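Have the model open in your viewer and your selection tool ready.

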Amino acid sequence: MQNKENLSNRIFRGTSTVLFFSLLTSPLGYVLRIIYSNNLSIEMYGLFYALLAFFGILTTYKDLGFGYSVTYLVPKLIKQGDFEQSWMIYKYAQIIEVGTSIILTLLLVLIAPWLSINYFKVPEAQTLIYLFCIYFIANSFLEALYKMFTGLQQEKYYSSIQFSRLLLALIFSIFFIIFDYSNIIFFALSWALAHIICSIIYTYLLNKNSSFGEKRLVWDKKLFSTMLKFAIPTLITTSIYTFITFTDNFFLTLFKNVREVGIYNIIVPLISIPSIFLSPINNLLLPLVSHLMEGEKVKMSELLSNSIKIISFVGFYFSLFIMLFPSATTQLIFGVKWVGLIETPLRIMAFGAILALLSSYLTTITCGMGKIKERMRASLIIAVTNIIISVVLINLYGIIGVAIASTLIYLLSIILFIRIIRHEISIHLPVKLYTIMLLFSLSLYLLVQLSGFSPKGFIQFLITGIIYSLIILLLGITLGIFDYIISIIITTKGFISINNQYPFLLKILLKVSNLLKRYN
């Protein structure tokens, strides 16, 4: 019993640490985008994120799939007391990752002039490719460290890496702005320096806080073969993820230009706002779903149905406001130069953002149910369909094509994952709720369009947001959204109580439940 409690406490501390740093990291990415959008031209802003996306694709292949073996095998070997082989696995993976990065970098240096003219279509891209190559190699060291800390289950280190590199990139960027070096070259240099410094710091932390005995590096064919067994399927999986994630920026750059990439990378953070608030739910859902699947499928079905309603309503709240006031929202956050360029694709993608939230939620549920093979097949279908649709629509319609393609892909993923879930659990989409929200949205949209109202300045925007929030709150009460929240709290409370975890969270859930009951 004592061991079970210790394990529960450790899981709680680890989850809390990861959640803490994930909540800190999201705003940093936003601040960086705001700074760059206000200090760079549309074309240079687009070029910066086109380069990040391009190197993001290469990142998929730089460890050749061997990184996963570190996170999977190291905990087992540490538990067995085999510290020497744990160290060798880390070094094998690091040598492969850094070595592959250096080879890719040498190739990029050779073809940089061609890429700058034929792919990025901007001569300035050549110098930036060289700078991003430095970032790429430093990032390979950092990613190897991330996987090792994950394998060692040292949450405070692996969960802080993303936060640390973004924070340093932000600090260097602000430093260069202060000294009047606010251009794309120095912003790229900021990212390179941030990753170099983080690599040095976390290498020091690994050596200081981890004991591996004698750190020998010898060839072990059997150990390498074991790692290889994990590498191939992992590489396939990450390739599928890449085909889903990076195709938008890649094809926009290939078929159109970096200007459209810039516009797209203003839209993405705007529609991603609700995911910042809802993403922590996934940290609790995964173990909760696994728990409820053991003989409590009725509760599981109820949890699914209620969660879908709440997630849809929260996504509706954020997305509708963006659809009503796209220009005012964009101008307030990213500046006036983007107004007139983003309105139509932003409205389409704001609708798609609701589907994206549901897709992410259903993916988590599928994982919690243990449907790994089914999820892999669905992801493969999604990836292939995404490439085909993106090639056609982006080539024809540019950023509008991206907006339509992403919306269709999210819809497809929802259909596929619901089919997987229904083999085990009864699940129904709340059609009546969706119909009411659609009619309400159309009515409010027509009212705003006919009145010609758009908030001017921060004060008007704030007042408009408050009034809008009160209207949506009343709608939520009318639709019984808070009843669904209470139901989820009760289900979650039971899970937390059974597992003897999150004692302070249990008290908070009880207070929230009682408060909602009082006002509902």
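A residue counts as buried under 20% relative accessible area, as exposed over 50%, and as partly exposed in between. Keep that in mind for the stops below.

Start with the whole chain, which is a predicted model. Show it as a cartoon: there are 21 helices and zero strands. Buried residues make up 49% of the 520 residues.

Now colour by pLDDT. The chain averages 82, and 83% of the residues score at least 70. Next, pick residues 1–8, where pLDDT is below 50 and the stretch has four contacts beyond near neighbours in sequence. Residues 494–506 are also below 50, with 21 such contacts. Where pLDDT is low, the predicted coordinates should not be read in detail.

On to the rings: the structure holds 34 aromatic pairs. Select phenylalanine 54 and tyrosine 119, a tilted pair at 5.6 Å centre to centre with 45° between the planes. Phenylalanine 54 belongs to helix α2 and tyrosine 119 to the loop between α4 and α5, so the pair ties together parts 65 residues apart in sequence. Phenylalanine 54 is buried at 13% relative accessibility, and tyrosine 119 is buried at 6%.

Move to tyrosine 317 and phenylalanine 318, an edge-to-face pair with centres 4.9 Å apart and planes at 75°. Is tyrosine 317 buried or partly exposed? At 25% relative accessibility, tyrosine 317 counts as partly exposed.

Last stop: arginine 33, whose charged end sits over the ring of tyrosine 49, 4.4 Å from the ring centre.

Notes: Residues numbered from 1 in each chain as written. Predicted model: local features only at pLDDT ≥ 70, side-chain atom pairs only at ≥ 80, totals over all residues. Heavy atoms only, no water. pLDDT = per-residue confidence, 0-100. Contact = heavy atoms within 4.5 Å. Helix = DSSP H or I, 4+ residues; strand = E, 2+ residues; numbered from the N terminus. Buried < 20%, exposed > 50% of the residue type's maximum accessible area, 1.4 Å probe, protein only. Phe/Tyr/Trp six-rings, centres within 6.5 Å; stacked < 30°, edge-to-face > 60°. Lys NZ or Arg CZ within 6 Å of the ring centre and 35° of its normal.
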